[in-house]
Amino acid sequence: MTAFLQQLGARIADRWLVNLLLPGLLWLCCAAVAARLGWEHAVDPRAAEPLVRRLGDQRSTAQAVLLVAGVFGAAAAIGLAAIGLGAALRRAWALPGTSVAPARWLRDRRRRRWDAADRTAAQLRTEILNAVDPAAALVGPEYRDALARRESIGLERPQRPTWIGDRWTATGIRIYRAYGLDLTVVWPRLWTVLPDVSRSDIAAAQLAYQESSVLVSWAVLYGGVGLFWWPALIVCVILAVAGVLKTRDAISSLCELVESACDLYIHSVAEQLRVPCAGQLTTEAGRAIGALLRRKDLPLA
C-alpha cells in the first residue's frame, strides 16, 4: 500500500508539474517581458536589462521564499485558468448551429461547402453507374477523391459550426442509422459491459482530447499577451495550429473507438436488457432498446 501511494503521489506531482506549473511559468515569463518591452522595443534586449537587474537584486531569505511562492502560485493559477478555458472551448465546439448568429453563419458556410462537394461526388457516381465504356472505371479515383473532400468537411451534413463538434454529432447519426440507437441514452449502459481494454483506449482518447483543447486555450492566453508584445502572437499561432490539429486527431480517434464499441458490444447490452436479438442487431431491436431505456423518463400516469 505504501509503494502504491508513493507511486500515485509521484504521478500526481508529475502531472501537476507538466500540466500546470511549467506552462504557467512560461506564460508568466512571457507576460513579464511583454509588460517591460511592449511593441516599441519588442526585440530590443537592452530594454530588458532593468527587468533582469531587478530580478537579480539582493533579497532576504523571507523575501525570496515569498517571491518564489508567489510565482509558483500564480503559475498554478494560470494553469488552472487554461484548463478551465479548455473546458469552455470544448463546450463551444459542441454548440448547435442555431444558438447565436456567428455559430449559425459558420454552420451555414460549412453546409454550402459540404453540399457542393456532395453534388460533385453524386455526379461522378452517376457517371460511373451510367457508363458503358469499361474505361470509365478510371473515374473511380476521382470519385474517391470527391468523397474524401466531402468527408474533410464532415462525415455527415454539418449540424455544428465547427468540424470538431460535427464529428461527434456524426458519430451519433451513424450509430442511429446502423442500429436505431440513441447514443446518449445507450452509452452509459454500453460502458458497463465494455472490457477493460476498450475502456482504457476510450479513456486515453478522451484524455488526449482534453489535453489538446488545453493547448488551444494556451494559444488564447498567449494571444492576450500578444496584444502588448507582438512576438507572443507567433507563439499563439503555433499553439493554435498544433492544438487544433491535435484536437481533430483526438476527437476522430475517440469517435472511432466509440463506434467500434457499439459495433462489437451492443449485443451484450441487448442480452442484459432481455431484448430479443437473434443474429445481427436490427434497427427495430435498437429502437426497442431505446424505448426501454427511456421508459423511466415518462411522466407518471
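The legends below describe close-up views of a predicted model.

In this model, local features need pLDDT of at least 70 and side-chain atom pairs count only at pLDDT 80 or more, while totals for chains, interfaces and linings use all residues. Residues are numbered from 1 along each chain as its sequence is written, and side-chain values use heavy atoms, with hydrogens and water left out.

**Figure 1. Overview of the helical chain.** The chain has 10 helices and 0 strands, where helices (H or I, at least four residues) and strands (E, at least two) are DSSP runs numbered from the N terminus. Of its 301 residues, 33% count as buried, a term that stands for under 20% relative accessible area, with exposed meaning over 50% and partly exposed in between (1.4 Å probe, protein chains only). Among contacts (heavy atoms within 4.5 Å) with a separation of 6 or more, 72% join residues 24 or more positions apart.

**Figure 2. The largest nonpolar core and a second one.** A nonpolar core is a set of buried Ala, Val, Leu, Ile, Met, Phe, Trp, Tyr and Cys residues joined through side-chain atoms within 4.5 Å. The largest has 31 residues, and those with the most contacts inside it are Ile175, Leu181, Val186, Ile251 and Ile289. Helices H3 (61-93), H6 (163-179), H7 (183-193), H8, H9 (231-272) and H10 (283-294) each supply at least two residues of this core, with H9 giving the most, 10 residues. A second, separate core of 15 residues includes Cys30, Ala34, Ile78 and Trp218.

**Figure 3. Helix H6 against helix H9.** The axes of H6 and H9, which are lines fitted to C-alpha atoms over the stretch in contact, with angles running from 0 to 180 degrees between N-to-C directions, come within 10 Å and cross at roughly 15°. H6 is therefore roughly parallel to H9, given that angles under 35 degrees count as roughly parallel, over 145 as roughly antiparallel, 65 to 115 as roughly perpendicular and the rest as oblique. The contact of H6 with H9 divides into 9 nonpolar, 3 polar and 6 charged residues; here Ala, Val, Leu, Ile, Met, Phe, Trp, Tyr, Cys and Pro count as nonpolar, Asp, Glu, Lys and Arg as charged, and the others, Gly among them, as polar. The residues that meet include Trp163, Trp168 and Ile175 in H6, and Ile251, Cys255 and Val258 in H9. Leaving aside its neighbours within four places in sequence, Ile175 is in contact with Gly180, Leu181, Leu183, Val258, Glu259 and Cys262.

**Figure 4. Helix H7 against helix H9.** H7 and H9 pack at an angle of about 80°, with their axes 9 Å apart, so that H7 is roughly perpendicular to H9. Among the residues that meet are Leu183, Val186 and Leu190 in H7, together with Val258, Cys262 and Ile266 in H9. The residues of this contact between H7 and H9 divide into 11 nonpolar, 2 polar and 1 charged.

Figure 5. Ser213 has its place in helix H8 (residues 196-226) and is buried, because its relative accessible area is 0%. Not counting residues up to four places away in sequence, Ser213 touches Gly86, Leu89, Arg90, Trp93 and Thr247. Ala92, by contrast, lies in helix H3 and counts as partly exposed, at 32% relative accessibility. The C-alpha atoms of Ala92 and Thr162 are separated by 9.1 Å, although the two residues are 70 residues apart along the chain.
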